[in-house]
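Thanks for coming. I have one structure to go through, and I will keep it short. Please have a look at the screen.

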Amino acid sequence: MNPEKPDRNLAIEIVRVTEAAALAAARWQGRGAKEDGDQAAVDAMRQVLETIEMDGTVIIGEGEKDEAPMLFNGESVGTGSLPKVDIAVDPIDGTRLLAEGRPGAITVMAAAPAGTMFDPGPCVYMEKIVVGAEAKGEVDLDAPLTENLAAVAKAKGKELRDLTVMMLDRDRHEDAKRQVRETGARLQLITDGDVAGAILAAWEDRPEVDVMYGIGGTPEGVIAACAVKALDGEHLGRLWTRNDEERGRALDAGYDLDQILTADDLVSGEDAFFACTGITSSQLLRGVDFHSNGATTQSLVMRSKSGTVRFIEARHRFSKLRQYSSIAY
């Protein structure tokens with residue numbers, strides 16, 4: 001049987017979208033204007049998306065249709081030619097980080113064959129746990145967090161006190177923080193940005209984080225699952241409703257709130273694409289650096305089908321870009 005010929009890696013193309021969004025948003029670093037920075041990223045994303053050869057439908061977006069020019073759920077993007085794909089975007093994962101001039105803001109996009117991305121509907125949040133390949137199959141959201149951490153430490157050949165757990169610093173995580181501390185494991189709290197946290201936890205080549213746990217955004221969970229699949233890690237999630245009204249809407253829409261969702265449930269199939277670009281520097285990526293005639297960016301590009309992970313460092317010359325692009329670089 002002949003091996004399959006290499007085919008088109010859409011991730012190599014969608015990184016142009018995240019680069020443009022990062023360059024536009026980086027001008028707003030530390031200016032205290034969350035909405036303006038987010039809008040700059042969205043506008044840049046939209047313009048470059050129009051040039052990508054694909055027939056895309058936004059499954060995970062921003063805003064509603066009547067609030068255009070945000071990228072709304074159900075919007076068509078791309079040139080309209082094949083392939084047909086589902087699209088997930090987070091123009092800025094960490095809008096508050098950018099507005100306050102803090103590390104860790106990134107711009108993110110993922111794509112997968114049409115019909116394969118989980119639509120979270122009314123479910124804004126989910127409980128999540130993410131680990132790398134060494135601990136795959138060793139975690140269970142039905143088990144106490146202390147047991148999961150012990151299992152991960154054993155699988156990775158570490159003492160519990162050497163394990164690092166990343167978690168969003170939220171009041172809802174007080175009990176989880178207590179459990180981590182009782183085990184003696186190291187706890188790294190972040191204010192925002194659990195897409196980057198999931199990547200760090202799943203990526204065996206980056207030993208800084210062993211586990212990411214907590215209740216965070218369901219859209220971010222779907223996006224992160226595309227990257228986790230490429231890294232051969234494990235991403236488990238369970239929908240979490242904030243109140244009775246949201247729970248009722250979710251049940252009426254047919255969502256199973258007890259189901260543990262795997263990465264394959266969140267993004268079915270094996271051909272998922274992921275790209276992210278740093279806006280402000282972090283453990284994951286360097287942020288945008290401006291110089292006299294442009295800027296440099298650092299991006300991460302992945303494809304689950306091949307398991308290929310690329311770093312892309314780019315130098316952008318504004319004197320040239322401004323000759324044909326309407327993006328305010």
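Let me start with a question: which residue in β3 does Val-58 stand opposite? Before I answer, note that this is a predicted model.

The residue is Ile-87, which Val-58 faces from across the pairing. Strand β1 covers residues 55–60, and β1 and β3 pair in the parallel sense over five bridges. Then there is strand β4, residues 106–113, which is joined to β3 by seven bridges and runs antiparallel to β3. As for how covered β3 is, the strand spans residues 84–93, and nine of its 10 residues are buried.

Now the helix, α5, residues 174–183. Its buried residues are Ala-176, Lys-177, Gln-179, Val-180 and Thr-183. Looking down the axis of α5, these buried residues fall within an arc of 160 degrees, so they line one face of the helix. Note that Lys-177 is on the buried list.

What sits over those buried residues? The cover includes helix α4 at 145–156, and the strands β6 at 164–168, β7 at 186–190 and β8 at 211–217. On the face of α5 turned away from the buried side, you find Arg-181 and Glu-182, both exposed.

Last item, the end of the helix. Gly-184 follows α5, and its phi is positive, near 90 degrees.

To recap: β3 pairs with β1 in the parallel sense and runs antiparallel to β4, while the buried residues of α5 line one face of that helix. That is what I have.

Key: Residues are numbered from 1 along each chain as its sequence is written. This is a predicted model: local features need pLDDT of at least 70, side-chain atom pairs count only at pLDDT 80 or more; totals for chains, interfaces and linings use all residues. Side-chain values use heavy atoms; hydrogens and water are left out. Buried means under 20% relative accessible area, exposed over 50%, partly exposed in between (1.4 Å probe, protein chains only). Helices (H or I, at least four residues) and strands (E, at least two) are DSSP runs, numbered from the N terminus. The arc is that of the directions from the helix axis to the C-beta atoms. Contact means heavy atoms within 4.5 Å. Two strands pair if DSSP finds at least two bridges between them.
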